[in-house]
Amino acid sequence: VTVATQAPQRELIHPETESRPVVVELFTSQGCSSCPPADSYLGQLSRRKDVLPLSYHVDYWDYIGWKDQFADPAYVGRQRAYAMTLGHHMVYTPQVVVAGAVDAQGADRAFIEQKIREAKARQRMYPLEVARDPQTGQVLLQLPEAPLPVPATIWLVTYQYKDEAAIDRGVNTDRTLDSFNTVRSLQKVAVWNGHAATVP
């Protein structure tokens, strides 16, 4: 006698944000004198469920005297790519990019909040399902069928909720700076062309 057993169901991984949050990216530096207010504002955004704020530390202020411990040249590359897309000839800090479509001075709360509201009303986002295979432990991304106008790049971003650093050189000497949702790695996972697919 043989008994058929059901394969274990995948365990859904539930996000802490809403299923379709507005991504708010801050480009900042511990060596930037005007960045702490923007870092503080990002900390407030990090407690909301309708946005996913990310803090990218850049390294082009390191020459002033303090090497930002969270900076990565890859994040400068991301910022420069945004500058090209948005028609800018330079990068700056603190710079916020809302939903990949519009930028703002990082501490301009009223303008950023307006752009978040506009992004919610404008953008067509597709909720993506993430699950863990109970047998292998592998994490799987389920991409739905979707009428994408152009292929979309899927990024895996790891980040630390809160970091604290005592600064003893440079323009922020003797200050203790907090950074929220500090990006630690950025990895291209796949290119999604709108067809349903499962991506490890």
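Helices (H or I, at least four residues) and strands (E, at least two) are DSSP runs, numbered from the N terminus, and in these terms Asn-181 lies in strand β9. This is a predicted model, in which local features need pLDDT of at least 70 and side-chain atom pairs count only at pLDDT 80 or more, while totals for chains, interfaces and linings use all residues. Residues are numbered from 1 along each chain as its sequence is written, and side-chain values use heavy atoms, with hydrogens and water left out. The chain holds 3 helices and 10 strands, and its elements follow one another along the sequence as β-β-α-β-α-β-β-α-β-β-β-β-β.

**The chain as a whole**

- The C-alpha trace spans about 75 × 35 × 25 Å along its principal axes, and of the 200 residues in the chain 37% are buried, where buried means under 20% relative accessible area, exposed over 50%, and partly exposed in between (1.4 Å probe, protein chains only).
- Of the contacts (heavy atoms within 4.5 Å) between residues at least 6 apart in sequence, 66% join residues at least 24 apart.
- The chain exposes about 11600 Å², of which carbon and sulfur atoms supply 53%; accessible areas come from the Shrake-Rupley method with a 1.4 Å probe, and for residues only the protein chains shown count as cover.
- The 20 positive and 22 negative charges have mean positions that are 4 Å apart, with Lys and Arg counted as positive, Asp and Glu as negative, and His and the chain ends not counted; the place of a charge is taken as NZ of Lys, CZ of Arg, CG of Asp or CD of Glu.

**Helix α1 and its surroundings**

- Helix α1 (residues 36–45) packs against helix α3 (residues 109–122) at an angle of about 40°, with the axes 12 Å apart; axes are lines fitted to C-alpha atoms, for helices over the stretch in contact, and angles run from 0 to 180 degrees between N-to-C directions.
- This contact is made by Pro-37, Ser-40, Tyr-41, Gln-44 and Leu-45 on the α1 side and by Arg-109, Ile-112, Glu-113 and Ile-116 on the α3 side.
- Helix α1 is mostly covered, 7 of its 10 residues being buried, namely Pro-36, Ala-38, Asp-39, Tyr-41, Leu-42, Gly-43 and Leu-45.
- The cover over these buried residues of α1 includes strands β2 (22–28), β3 (51–57) and β9 (175–192) together with helix α3.

**Leu-26 in strand β2**

- Leu-26 is found in strand β2 and counts as buried because its relative accessible area is 0%.
- Leaving aside residues up to four places away in sequence, Leu-26 touches Ala-38, Asp-39, Leu-42, Leu-54, Ser-55, Tyr-56, Pro-94, Gln-95, Val-96 and Gly-106.
- From C-alpha to C-alpha, Leu-26 and Asp-39 are 8.0 Å apart in space, and they are 13 residues apart in sequence.

**Backbone features**

- Most residues other than glycine have a negative phi, and most peptide bonds are trans.
- The peptide bond from Thr-93 to Pro-94 is cis, with omega near -5°, and Pro-94 has its place in the loop between α2 (73–86) and β4 (95–98).
- Asp-174, a residue other than glycine, has a positive phi near 70°; Asp-174 is found in the loop between β8 (152–167) and β9, and it counts as exposed because its relative accessibility is 71%.
- Asn-181 likewise is not a glycine and has a positive phi, of about 50°, but Asn-181 counts as buried because its relative accessibility is 5%.
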